[in-house]
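Morning, everyone. Please have a look at it first.

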Amino acid sequence: MSKTCSPSPAPPGSEWTVRQVVSRSEWDAATEACPTCGDGVDRRLPHYQVELDRERATDGAAKLTHERRLLSFCDEMCANAWLDDVENR
Ligand SMILES: [Zn+2]
């Protein structure tokens, strides 16, 4: 984690709403890095999934669109640690 100013995409923060945190496994061989500890999360095995969404106003349009994002964590502890971090931002 560096404190330098970078144009990286904004991390989930105030504008993201946590919709649900569920324990699940999927028929999907993909492996994702856990956002908290960086370990690989095998999505075929039980893991914690956090669903986020946010409203996004599109320029020149009156209506809001919803953007959805799913994050995979290796366990409940990692999911909670990440959620705490977001809430304390
Ligand atoms: Zn983890």
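The largest nonpolar core has nine residues: Val41, Tyr48, Val50, Leu71, Phe73, Cys74, Cys78, Ala79 and Trp82. By nonpolar core I mean a set of buried Ala, Val, Leu, Ile, Met, Phe, Trp, Tyr and Cys residues joined through C-beta atoms within 7 Å. Buried means 20 or more other C-beta atoms within 10 Å of the residue's own, exposed means 12 or fewer, and partly exposed is in between, with C-beta atoms placed from the backbone. β4, β5 and α1 are the elements that give two or more residues to this core. The most comes from α1, with three residues.

Some housekeeping on provenance. This is a predicted model, where local features need pLDDT of at least 70 and side-chain atom pairs count only at pLDDT 80 or more, while totals for chains, interfaces and linings use all residues. Residues are numbered from 1 along each chain as its sequence is written.

Now the overall layout. The protein has one helix and five strands, in the sequence pattern β-β-β-β-β-α. Helices (H or I, at least four residues) and strands (E, at least two) are DSSP runs, numbered from the N terminus. Of the 89 residues, 13% are buried. Take the contacts between residues at least 6 apart in sequence: 55% of them join residues at least 24 apart. A contact here needs the two C-beta atoms, placed from the backbone, to lie within 7 Å.

Next, the helix. Which residues of α1 are buried? They are Cys78, Ala79 and Trp82. Seen down the axis of α1, these buried residues fall within an arc of 100°, so they line one face of the helix. That arc is taken over the directions from the helix axis to the C-beta atoms. On the face of α1 turned away from the buried side are the exposed residues Glu76, Met77, Asp84 and Glu87. The cover over the buried residues of α1 includes β1 (17-24), β4 (47-57) and β5 (64-73).

A quick check on the helix geometry. The twelve residues of α1 (residues 76-87) should span 16 Å at 1.5 Å a residue, and the end C-alpha atoms are 16 Å apart, which agrees. The expected span is 1.5 Å times one less than the number of residues.

On to the sheet. It is an open sheet of three strands in the order β1-β4-β5, with antiparallel pairing. β1 and β5 are the edge strands, each pairing on one side only. From one strand to the next, the twist averages 20°. For the angles, axes are lines fitted to C-alpha atoms, for helices over the stretch in contact, and angles run from 0 to 180 degrees between N-to-C directions. Two strands count as paired if DSSP finds at least two bridges between them.

β1 and β4 run antiparallel and are joined by seven bridges. Within that pair, arginine 24 stands opposite histidine 47 in β4, and glutamine 20 has glutamate 51 in β4 as its bridge partner. β4 and β5 pair in the antiparallel sense over ten bridges. There, glutamate 55 stands opposite histidine 66 in β5, and arginine 56 has threonine 65 in β5 as its bridge partner.

How many of the eight residues of β1 are buried? The count is zero, and β1 is hardly covered. Valine 50, one of the core residues, touches Val18, Val21, Leu71, Phe73 and Ala79, not counting residues up to four places away in sequence.

Last, two loop residues. Cysteine 37 sits in the loop between β2 and β3 (40-42). It is partly exposed, with 14 other C-beta atoms within 10 Å. Leaving aside neighbours within four places in sequence, cysteine 37 is in contact with Cys74 and Cys78. The C-alpha atoms of cysteine 37 and cysteine 74 are separated by 8.6 Å, at 37 residues apart along the chain.

Alanine 29 is in the loop between β1 and β2 (31-33). Alanine 29 counts as exposed because it has 8 C-beta neighbours inside 10 Å. Its C-alpha atom and that of arginine 43, 14 residues apart along the chain, are separated by 6.3 Å.
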